[in-house]
Amino acid sequence: MSMKECSFTFVSFLLSRSPLKRHTMTSSMTTCQILLLLMSVLAVFIILMASENFLKFPSVLIPSGHCLDTCRKSSCPETPLRTATEPTETDLKIKKIIEHLDHQIPHRPFSHVNTTTSAAHSVARIISPRTTYCKGDQLNIHLEARDYLGRRKEYGGDFLRARISSPDLKAGASGKLTDFNNGTYLVSFTLFWAGKVSVSLLLIYPSEGVSALWRARNRGYGKVTFMGQFVNGKSQVLSKCGLVLNTSAELCQYLDHRDQEAFYCVKPTYVSCDALTHMKTKNNGVSYLSKQEKNLLHKYDVDIEIMRDFEPIMVSHCNNVETVKEKCQIGMKSPIPSGYSLQEKWNPAFCKLNQLSNVTEINNCLKGKLIYLMGDSTLRQWIKYLSKFVKTLKYFDHHGSGPFEKHVLLDAQRHIYIQWKKHGLPFVTSQIYTLKDHEYITREIDRVAGDRSTVIVITLGQHFRLFPIDIFVRRVINIQRAIRRLFLRSPDTRVILKSENLREMHMDPTQAVNFHGYIQYLIMRDIFQDLNVGFIDAWDMSIAYDSKILHPPDNVIGNQINMFLNYIC
């Protein structure tokens with residue numbers, strides 16, 4: 001409910017109880033008296049409508065700049081609340097991004113699976129093949145997508161994954177894909193190392209499946225139910241919550257008017273909206289895919305190799321002189337691919353990375369630093385890794401429990417403070433978590449004073465895959481603006497973004513599949529491209545290390561942290 005609607009409802013309520021109701025007026029009242037009373041009520045009405053704080057009740061759970069209201073179905077939207085009557089600058093920017101994505105992922109109806117892309121029938125060939133290649137050369141592959149009847153596709157949009165690897169060298173790198181939107185693709189690899197190199201090109205989803213996933217994602221919010229726990233004296237009351245609630249029940253609204261973020265809960269009877277303390281979620285098993293689309297995405301396995309019969313190529317050093325790279329620094333632009341792994345060590349393509357391999361070097365780097373990790377559990381892995389590897393970092397007990405409580409590592413002697421906090425709603429997990437210190441990342445950033453010894457690391461994405469894309473786009477735009485505000489008051493503060501990584505490939509396609517993550521990865525790169533921040537390309541690292549799990553193994557986490565340390569030291 002907007003503030004105007006809430007004000008009108010309240011004034012209507014006052015009028016309904018007022019002795020000014022016509023059927024209660026006595027015949028003895030003069031016309032003058034009636035006019036005077038009506039003018040008084042009108043004056044009250046105008047004052048109430050002009051008041052910015054009317055019917056705003058700040059909640060102990062909602063940060064400064066938020067408010068908490070109640071409303072009923074008749075005046076509550078079935079889409080996330082937007083407090084402005086006219087589209088804001090943010091609304092217009094979100095609309096532009098989504099329109100661009102809609103253009104890039106057009107609707108691809110199909111009458112039968114035989115007309116969709118087939119990995120077995122598609123044809124890939126190396127352009128200008130050679131007997132041997134030199135380290136640093138480009139390997140280019142032409143791909144012609146075909147359907148199950150062997151006919152060339154007339155449009156692009158297939159979701160592909162390109163990778164080169166040398167298992168004996170523990171080496172890998174992603175490739176760059178160019179879609180010509182006519183059924184043909186150019187796949188380009190940089191041959192970063194010498195040795196026997198294998199080439200892989202996987203069809204993850206055909207373009208028809210990609211189109212179905214994109215449309216289904218943006219059709220609704222019903223895949224997940226949030227269950228809020230309210231305190232009622234010594235007992236707890238559970239109530240349904242969400243980004244959108246389609247119900248006639250009275251609602252608690254948790255609003256951030258500045259950032260136009262909103263979350264709702266059905267208001268428990270006789271319990272204050274301020275009493276919301278914990279949250280958990282459950283999967284509803286809802287799918288917005290048609291039966292035909294489900295059959296397409298379920299019938300055929302993912303990870304289908306297109307280049308099944310290709311032999312490895314030989315890459316030699318060729319006495320090439322390597323270009324001396326500048327040390328990795330915040331503000332450098334990260335290309336695609338952003339680097340490669342060799343002997344399990346990450347090597348950025350655009351800068352020189354020093355290996356901080358012992359505890360002394362890491363402690364010297366972290367000394368005197370305040371480090372704020374803001375995001376999901378893939379960033380919480382950093383806290384766990386550092387606590388295992390650097391024994392001088394000790395956990396500080398916040399008297400909380402569970403994996404999603406705030407985590408803090410301290411080294412009092414070296415004045416090191418490292419904190420991880422989960423990002424704001426939506427946060428999807430069946431495990432109950434507290435909302436007592438729950439904040440949107442934008443508000444967390446606003447509270448950081450900042451200086452040359454302060455570092456912020458941000459990641460988000462995994463928990464947004466189950467919701468329409470506008471939720472993610474709005475959040476990223478708001479975070480970008482919060483970082484700009486931070487740089488205005490403290491330009492020496494260092495900010496590093498970690499992209500989301502791949503997760504399990506064989507997931508139910510109605511859930512948080514990697515295609516949704518890839519779209520978010522591209523959005524994040526685009527929105528933050530002009531900021532002076534560091535970028536850790538966890539998506540690209542996942543492909544290079546062939547890591548296909550939500551929480552990557554320690555060797556991948558260790559390389560993410562090493563790049564982070566290079567940025568700040």
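This report walks through a predicted model of a protein chain, from its overall make-up to a few of its parts.

## The chain as a whole

The protein chain has 569 residues, and 52% of them are buried. Its secondary structure consists of 12 helices and 26 strands.

How do contacts relate to the order of the sequence? Counting contacts between residues at least 6 apart in sequence, 76% join residues at least 24 apart.

Helix α3 covers residues 89-104. With 16 residues at 1.5 Å each, α3 should span 22 Å, and the 23 Å between its end C-alpha atoms agrees with that.

Which residues of α3 are buried? They are T90, D91, I94, I97, I98 and L101. These residues lie on the same side of α3, because they cover an arc of only 130° around the axis. Turn to the other side of α3 and you will find E89, K95, K96 and H103, which are exposed.

What do the buried residues of α3 pack against? Their partners are three helices: α4 (207-217), α9 (469-489) and α10 (514-527).

Next comes helix α12, made up of residues 554-568.

## Where α7 meets α12

Helix α7 (residues 377-389) is a partner of α12: the two axes come within 10 Å and cross at roughly 90°. The two helices are therefore roughly perpendicular to each other. On the α7 side, the contact is made by T378, Q381, W382, Y385, L386 and K388. On the α12 side, D554, I557, G558, Q560, I561 and F564 take part.

## A closer look at S188

Finally, let's visit a single residue in a strand. S188 sits in strand β8, which runs over residues 184-190. Is S188 buried or exposed? Its relative accessibility is 14%, and since buried means under 20%, S188 counts as buried.

The side chain of S188 makes a polar contact with the side chain of N140, at 3.0 Å. Setting aside neighbours within four places in sequence, S188 is in contact with Q138, L139, N140, G175 and K176.

Methods: Residues numbered from 1 in each chain as written. Predicted model: local features only at pLDDT ≥ 70, side-chain atom pairs only at ≥ 80, totals over all residues. Heavy atoms only, no water. Helix = DSSP H or I, 4+ residues; strand = E, 2+ residues; numbered from the N terminus. Expected span 1.5 Å × (residues − 1). Buried < 20%, exposed > 50% of the residue type's maximum accessible area, 1.4 Å probe, protein only. Arc of directions from axis to C-beta. Contact = heavy atoms within 4.5 Å. Polar contact = N/O pair within 3.5 Å; in protein donor to acceptor, adjacent residues only side chain to side chain. Axes fitted to C-alpha atoms, helices over the stretch in contact; angles between N-to-C directions. Parallel < 35°, antiparallel > 145°, perpendicular 65-115°, else oblique.
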